Amino acid sequence: MEVLKSPLSASQKGKLISAGYTSINLLSSVSPSHLALELKISEAEALEILKTVSDGSRSESTSTSCTIVKGAQSAWDMLQEEETLVRITTSSSDFDNILGGGISCKEVTEIGGVPGIGKTQLGIQLAVNVQIPFDYGGLGGKAIYIDTEGSFMVERALQIAEACGDDMAEYSRLYRKGFHSHEVKIQPKDFLENIFYFRVCSYTEQIALINYLDKFITDHKDVKVVIIDSITFHFRQDFDDMALRTRLLGGMALKLMKLARKFGVAVVVLNQVTTKYSDGSFHLALALGDSWSHASTNRIILHWNGNERYAYIDKSPSLRSASAPYSVTGKGIRDSPSNNKRIKNI
Amino acid sequence: MGALKSLEEVYHIIDANFLQFCASRGIFSVEDFLVHDVSMLMASADKLSNSDRLKQGINQLVLITETYHQPWMNGLMLLEDREQNKHYISTGSESFDVLLQGGLREGHVTELVGPSSSGKTQVCFQVASNVALKKGNVVFFDSGNSFSPTRIKQMVTHISGSEENKVNGGVEEAMRHIECHAVFDIYTLLDLLHQLKLNLKSQSQKKSTELIIIDSISSLIAPILGGSNAQGHALMVSLGYLLKDLSHQHNIAVLVTNHMVSGEGGSLKPALGESWRNIPHVQLQLSQHHTTTNIYGVYILRHPYMASGKSVNFMIP
């Protein structure tokens, strides 16, 4: 909003503009004493100006409720908004259950585990599942896949996409007989077309790319998930200055959270494991250290339990810690077969 | 205060001549005058022809500046201020309140430290829900995308359900008292806090803010701290003083969370280093006892008038 259009007196407007304050936004961070000094007016008058201006801009932005801080939202409004959000399914119902319905948009979710546990599989599965159309309870979005390790296999993505397409066809045959019978089935190739793939070869490239994502998502508003496989790879080598690493990672975490919040996309960060020495013994922990452990909103650890794969919620502000079995099949991530058997037996 | 020029109209002794004399020594504003050595200025004025008049001007300026300090208070007045304006805010769990002799104190900056998933955010939610149910306003600055309205709703329902028969509108009203702002860099946070301060100054008493929560402060500061970055350090300290000022002037309890880093010998210590350490009045360390239960432990690391080292366990619903 421009100063000229604000509800101030003409002389005040003149003083503001001659001091260089052409837009009201410029006034938001100015202290009254500073303004008084610059405009050569009394502090009381400066306070009056700032008050009028902030009232005006507030009524312009949010008319529903007056908040104490500009741009804030009350918890109630946020709750209403959150209840309408659709989550991204993992294709395993047990896994979805402990996540409260799937991977949440607007949040950063970190998934870590030992090699071969299925991190990349889960990443590809999410990149496909995000494209399930609204009619089928999905998001109808697109995916960004950032590959730092070179482990993204396009043949595998095709397999998972085919299986997903088959599942959707079956769903429509079962639940809406004759309704959309002649509906065009989404081709597996269409799934692949909607995955934007970036290959990253060094940590500087990784930082540059994450800075660029803001612009990319502005241009591609239908992107609903960003998958980084893995965040760790380039940060585990070539680093002498560990303080620099902590700073870079901290900054990157904030940028990812900002993306998640600003565009309502789900950010999924895959992480490797490392051994950690504590209480006189070594045990497995996610890589990148203690500071990084604060970076993600949700933290899920994938681990082996006997012959079964399990997902465990290590950290979440809203979910209870819980674990669930899952399996990796030819079709992608699915429920654990032993679990199904158990249900059938009951 | 402002430029010396602005005083010209009020005090006739400060005339163009005097201003020129000051300007020749690099003094343009009252701040410049304050950091300048007065006796040096007097000595240099002596050498000039109109020294008497210049000296009068200098004395006048000294008098003006002397009236600008904060008024003094005696111990009794401070105690009265404590008792009347600085209330305790209940944390919502009894043993926690007993440990702190009543809860979080208005006028204090309280810091929660602990490793990841030690219950820091949960304690923030619980205190916020508790204040909101008593119709106090809460401003929540969220830097980790961890603000979960669903979880707040659970807590509000839990607290109100156990105390009195709740009406359905009560939950909505309480949740309207909590407002959340996502912040992802320290500049935005400083901006918002300045704005908040301004609003509080000009606001009538009917809508009072009782609690400010920043979860977490360390994730905002960590990326700018360290190396040869002296500016990051300055930003951190000015943020600390702004929080202290807000809490003292407007009787607000400030709650911030900080993470932990490994110190010497692999033991954990609060992050952000020595210069942050003297900013919070109260520092509490949290830990989770077993990953499967919801029982947490709290331990006093630092408190202005209580012995450190005491600890209790508490439960989060």
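Buried means under 20% relative accessible area, exposed means over 50%, and partly exposed is in between, using a 1.4 Å probe and protein chains only. With that in place, I can start.

This is a predicted model, where local features need pLDDT of at least 70, side-chain atom pairs count only at pLDDT 80 or more, and totals for chains, interfaces and linings use all residues. Residues are numbered from 1 along each chain as its sequence is written, chains are lettered from A and ligands numbered from 1 in the order in which they are written, and side-chain values use heavy atoms, with hydrogens and water left out.

I begin with B:Phe18. Is B:Phe18 buried or exposed? B:Phe18 has a relative accessible area of 1%, so this residue is buried. B:Phe18 sits in helix H1 of chain B, residues 16-24; helices here are DSSP runs (H or I, at least four residues), strands are runs of E (at least two), and both are numbered from the N terminus. Leaving out residues up to four places away in sequence, B:Phe18 touches B:Ile13, B:Leu54, B:Gly57, B:Ile58 and B:Leu61, where contact means heavy atoms within 4.5 Å. Between the C-alpha atoms of B:Phe18 and B:Gln56, which are 38 residues apart along the chain, the separation is 9.8 Å.

Next, salt bridges. A salt bridge is a side-chain nitrogen of Lys or Arg within 4 Å of a carboxyl oxygen of Asp or Glu. How many are found over all chains? The search of the whole structure gives 14 salt bridges.

One of them joins A:Asp222 and A:Lys142, with the closest N and O atoms 3.4 Å apart. This pair links distant parts of the chain, 80 residues apart: A:Asp222 is in the loop between helix H9 (203-219) and strand E5 (223-229), and A:Lys142 is in strand E3 (residues 142-147). A:Asp222 is partly exposed at 33%, and A:Lys142 is partly exposed at 22%.

Another is A:Asp167 with A:Arg334, at 3.0 Å between the closest N and O atoms. A:Asp167 lies in helix H7 (residues 154-175) and A:Arg334 in strand E12 (residues 332-335), so the pair ties together parts 167 residues apart in sequence. A:Asp167 is partly exposed at 35%, whereas A:Arg334 is buried at 16%.

Last, chain B. B:Glu172 and B:Arg176 form a salt bridge, the closest N and O atoms being 3.2 Å apart. Both lie in helix H9 (residues 168-176) of chain B, four residues apart, about one turn of the helix. Salt bridges that share partners join A:Asp77, B:Glu172 and B:Arg176 into one network.
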